[in-house]
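Me: I would like to go through this model with you, one topic at a time. Please keep the answers plain.

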Amino acid sequence: MAGPSMLPTLDNSGELVLESILPHRLFPNQLGRGELITLTSPVDPSRIICKRVIGLPGDVVCVDPTGLKAHSTEHVLVPKGHIWVAGDNAAWSKDSRDYGPVSMALVRGRIAARIYPLNRFTVFSKNATYIEH
Amino acid sequence: MSLFSKFLKLSGRPLTSRRIHSATDPEGSSRRTWALIGRPLRWIYWLPLGLGFTQYFYTLKTVRGRSMQPTLNPDTSSWDDIVIFDRYSINSGEPIRKGDIVALQDPINSRKMLVKRVVAVAGDIVKTLPPYPDAEVFIPEGHVWVEGDEPFRTLDSNKFGPVPLALLDSKLMYIVWPLDRIGPLRPPISPVSKRGASRDFRWYSDMAAFEREQRRQSRVTTRSTTTSHS
């Protein structure tokens, strides 16, 4: 892994993660909100990026709650076949706030676990906990 | 040893000697069985090479649908076109040029493959056609604008917007069938009629293709022309 866009979940450099590709190839429509996924960058087809799924097709997503790249009240409807992705480190992440909803055809797989360094071994689960009002 | 001579050897011996032969030579009998069933299975040896070739170099596919008429599948043809797709140029990172016909994954339904023409690349401004909400679109970096040659019945960028380059799968380079349109796909250029020769059907269809290309490109402003005006 390289890059600061997923801090503090994933470090800037020096980490190894396990990427699980086959389940997504077999069942491409089973993406959950809050899952860590790998996808081919819509801006540069030779790069693979890792982001978190925020919105599924049909969801209305707040574009930027931090107000950095868009006004914090701006919302967008995610079109069919697309998802809204965001990096955990909002200040240092180029994600759907810059390039809009990305097509699900670009998704490669999900990050299953971090395997190095060994003292920070974590398995990333697919289920997100929703906070109800 | 050929299959035929082996069969002759087997059938020529009397029963007792054949049984003795197989009792003392167990590997010989398995070799014979393998020779009988192995020959038709030899193609499996070439399978990885064949799969690798079609995935990374060139592949032959049929084009279905009417969205690229009259370039592909025109109404005058009773069969779907069979074409050669070039995956090597996309994989080797060759830049996609305007006017190329490409096969891409449908951004909305990733299982479908679409065949469309690249009308504008990153940095261009396109005047869009009806289903698209905005009248003009700036193509962002890493994206292309694809349109079908038949504007009425096509699922293209006028419905789903600019397409990221990662979704492009291959370039169309050669039509193999039907035979009257066999040949490489060339960008439409203004046909030159020989002096004194009457303009025939081929001249008219080349001219029509050229005019369609001009009309498509009239809706696109490339990056270089916009900077020259500023």
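Me: Which elements of chain B each supply at least two residues of the nonpolar patch?
Reply: They are α4 (43–56) and β9 (168–177) of chain B. Please bear in mind that this is a predicted model.

Me: Which of the elements gives the largest share of the nonpolar patch?
Reply: That is β9(B), with three residues.

Me: And which residues form the nonpolar patch on the surface?
Reply: The patch is formed by Phe53(B), Tyr56(B), Phe57(B), Tyr58(B), Trp79(B), Tyr88(B), Met173(B), Tyr174(B), Trp177(B), Leu179(B) and Ile182(B). Together they have about 1100 Å² of accessible area.

Me: Where does Trp79(B) lie?
Reply: Trp79(B) is in the loop between β1 and β2 of chain B.

Me: Let us turn to annotations. Where does UniProt place the feature "active site"?
Reply: The UniProt record, an unreviewed entry, puts "active site" at Ser67(B) and Lys116(B).

Me: What joins the side chains of Lys116(B) and Ser67(B)?
Reply: A polar contact does, at 2.7 Å.

Me: Where is Ser67(B), and what is it in contact with beyond its sequence neighbours?
Reply: Ser67(B) belongs to the loop between β1 (58–62) and β2 (82–86) of chain B. Leaving aside neighbours within four places in sequence, its contacts are Val115(B), Lys116(B), Gly148(B), Asp149(B), Glu150(B), Arg153(B) and Thr154(B).

Me: Is Ser67(B) buried or exposed?
Reply: Ser67(B) counts as buried, because its relative accessibility is 13% and the cut-off for buried is under 20%.

Me: And Lys116(B), buried or exposed?
Reply: Lys116(B) is buried, with a relative accessible area of 3%. Its place is in strand β4 (residues 113–120) of chain B.

Me: What does Lys116(B) touch, apart from neighbours within four places in sequence?
Reply: Lys116(B) is in contact with Ser67(B), Met68(B), Asp100(B), Ile101(B), Val102(B), Leu104(B), Val146(B), Glu147(B), Gly148(B), Thr154(B), Leu155(B) and Asp156(B).

Me: Which residues of chain A are joined by a cis peptide bond?
Reply: One such bond joins Leu7(A) and Pro8(A), with omega at about -5 degrees. Another joins Tyr116(A) and Pro117(A), with omega at about 0 degrees. For context, most peptide bonds are trans.

Me: Where are Pro8(A) and Pro117(A) found?
Reply: Pro8(A) is in the segment before β1 (16–20) of chain A. Pro117(A) is in the loop between β8 (107–116) and β9 (122–123) of chain A.

Me: Back to chain B as a whole. How many helices and strands are there?
Reply: Chain B has eight helices and 11 strands. Of its 230 residues, 32% count as buried.

Me: What about its contacts and its accessible surface?
Reply: Among contacts in chain B with a separation of 6 or more, 56% are between residues 24 or more positions apart. The accessible surface of chain B comes to about 15200 Å², and 60% of that belongs to carbon and sulfur atoms.

Definitions and conventions
Residues are numbered from 1 along each chain as its sequence is written. Chains are lettered from A and ligands numbered from 1 in the order in which they are written. This is a predicted model: local features need pLDDT of at least 70, side-chain atom pairs count only at pLDDT 80 or more; totals for chains, interfaces and linings use all residues. Side-chain values use heavy atoms; hydrogens and water are left out. UniProt positions are given in the numbering used here, feature names are shortened, and annotations may be inferred rather than shown by experiment. Helices (H or I, at least four residues) and strands (E, at least two) are DSSP runs, numbered from the N terminus. Buried means under 20% relative accessible area, exposed over 50%, partly exposed in between (1.4 Å probe, protein chains only). Contact means heavy atoms within 4.5 Å. A polar contact is a pair of N or O atoms within 3.5 Å; within protein, one must be able to donate a hydrogen and the other to accept it, and residues adjacent in sequence count only if both atoms are side-chain atoms. Accessible areas come from the Shrake-Rupley method with a 1.4 Å probe; for residues, only the protein chains shown count as cover. Patches are made of residues with over 30% relative accessible area and no salt bridge: like charges are joined within 9 Å, nonpolar side chains (Val, Leu, Ile, Met, Phe, Trp, Tyr) within 5 Å. A salt bridge is a side-chain nitrogen of Lys or Arg within 4 Å of a carboxyl oxygen of Asp or Glu.
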